[in-house]
Amino acid sequence: MTFPDFLPALLLATVPAVAVGGAMLLLTRQFLDREHRRRLLELQMKNAETVLPVRLQAYERICLFLERITPSNMLVRVGGANLSAGEYQRVLLSEIRNEYNHNVSQQIYMTHDSWAAVKSARETVVTLINRSFHELAPHARGTDLAKKVLEHVIEQEVDPTAPALARIKHELAQVF
């Protein structure tokens with residue numbers, strides 16, 4: 001048998017084998033891709049079960065932080081009746097700094113925009129306290145500072161922490 005005579009028989013034997021091998025390769029690749037996507041989805045679901053509660057807790061803590069530094073709440077909680085305006089200013093700023101430092105790690109669970117809103121709210125409250133203090137007479141009392149801060153809040157018609165709280169609530173609504 002010569003090579004030209006042997007070629008049709010060789011093709012008859014190899015073409016079906018190559019076709020079956022190609023089909024097996026394609027089916028195996030599809031199976032492995034599907035299995036990879038399934039495992040990835042399982043991992044994402046398991047991750048969501050773990051991260052979602054922690055993320056919700058972070059949002060709760062930041063909402064609590066914002067509520068605690070809201071001037072009307074903070075001035076009631078941190079009384080300054082027996083303090084001078086300067087002492088009361090330092091106490092209020094220390095309270096804000098401590099609250100912020102206690103909650104700063106929560107930013108890893110929030111979007112950049114929400115964390116920026118939280119930082120902006122904190123800076124606004126600090127600026128409000130400092131501006132109110134500088135508008136007082138040199139020997140003013142802590143109660144005078146509290147009144148001046150509340151006057152500024154009333155003038156603005158919106159608590160300085162309200163935009164950040166709204167931003168966080170909006171972000172949480174998107175999660176659910």
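Student: Where does Glu-157 lie?

Tutor: Glu-157 is in the loop between H5 and H6. Helices (H or I, at least four residues) and strands (E, at least two) are DSSP runs, numbered from the N terminus. Residues are numbered from 1 along each chain as its sequence is written, and side-chain values use heavy atoms, with hydrogens and water left out. The model is a predicted one, in which local features need pLDDT of at least 70 and side-chain atom pairs count only at pLDDT 80 or more, while totals for chains, interfaces and linings use all residues.

Student: What is the phi of Glu-157, and is this residue buried or exposed?

Tutor: Most residues other than glycine have a negative phi. In Glu-157, phi is near 65°, a positive value in a residue other than glycine. For burial, the relative accessible area is used: buried means under 20%, exposed over 50%, and partly exposed in between (1.4 Å probe, protein chains only). Glu-157 counts as exposed because its relative accessibility is 72%.

Student: Where is confidence lowest, and where is it highest?

Tutor: The score to read is pLDDT, the predictor's confidence in each residue, from 0 to 100. The chain has a mean of 89, and 98% of its residues reach 70 or more. Helix H1 (residues 3–69) has the lowest confidence, at a mean of 86, whereas helix H4 (residues 112–134) has the highest, at 95.

Student: Which residues touch the most other members of the largest nonpolar core?

Tutor: A nonpolar core is a set of buried Ala, Val, Leu, Ile, Met, Phe, Trp, Tyr and Cys residues joined through side-chain atoms within 4.5 Å. The largest one here has 32 residues, and those touching the most other members are Leu-66, Leu-92, Val-118, Ile-129 and Ile-168. Two or more residues come from each of H1, helix H2 (71–77), helix H3 (85–103), H4, helix H5 (142–156) and helix H6 (162–175). H4 contributes the most to this core, with seven residues.

Student: With which residues is Leu-66 in contact, leaving aside its neighbours within four places in sequence?

Tutor: Contact means heavy atoms within 4.5 Å. With those neighbours left aside, Leu-66 is in contact with Val-118, Ala-121, Thr-161, Ala-164, Leu-165 and Ile-168. Leu-56, which is placed in helix H1, has Leu-172 and Phe-176 as its contacts when neighbours within four places in sequence are left aside. Leu-56 counts as partly exposed, because its relative accessibility is 26%.

Student: How many salt bridges are there?

Tutor: A salt bridge is a side-chain nitrogen of Lys or Arg within 4 Å of a carboxyl oxygen of Asp or Glu. By this rule the count is 13. In one of them, Glu-99 and Arg-68 meet through their side chains at 2.6 Å, N to O. This pair links distant parts of the chain, with Glu-99 in helix H3 and Arg-68 in helix H1, 31 residues apart. Glu-99 is buried, at a relative accessible area of 13%, whereas Arg-68 is partly exposed, at 26%.

Student: Why are Glu-35 and Arg-38 separated by about one helical turn?

Tutor: The two residues are three apart in helix H1, so about one helical turn separates them. Glu-35 and Arg-38 form a salt bridge, their closest N and O atoms being 2.3 Å apart. Another salt bridge joins Arg-131 to Glu-135, with the closest N and O atoms 3.9 Å apart. Finally, salt bridges that share partners connect Glu-35, Arg-38, Arg-39 and Glu-42 in one network.
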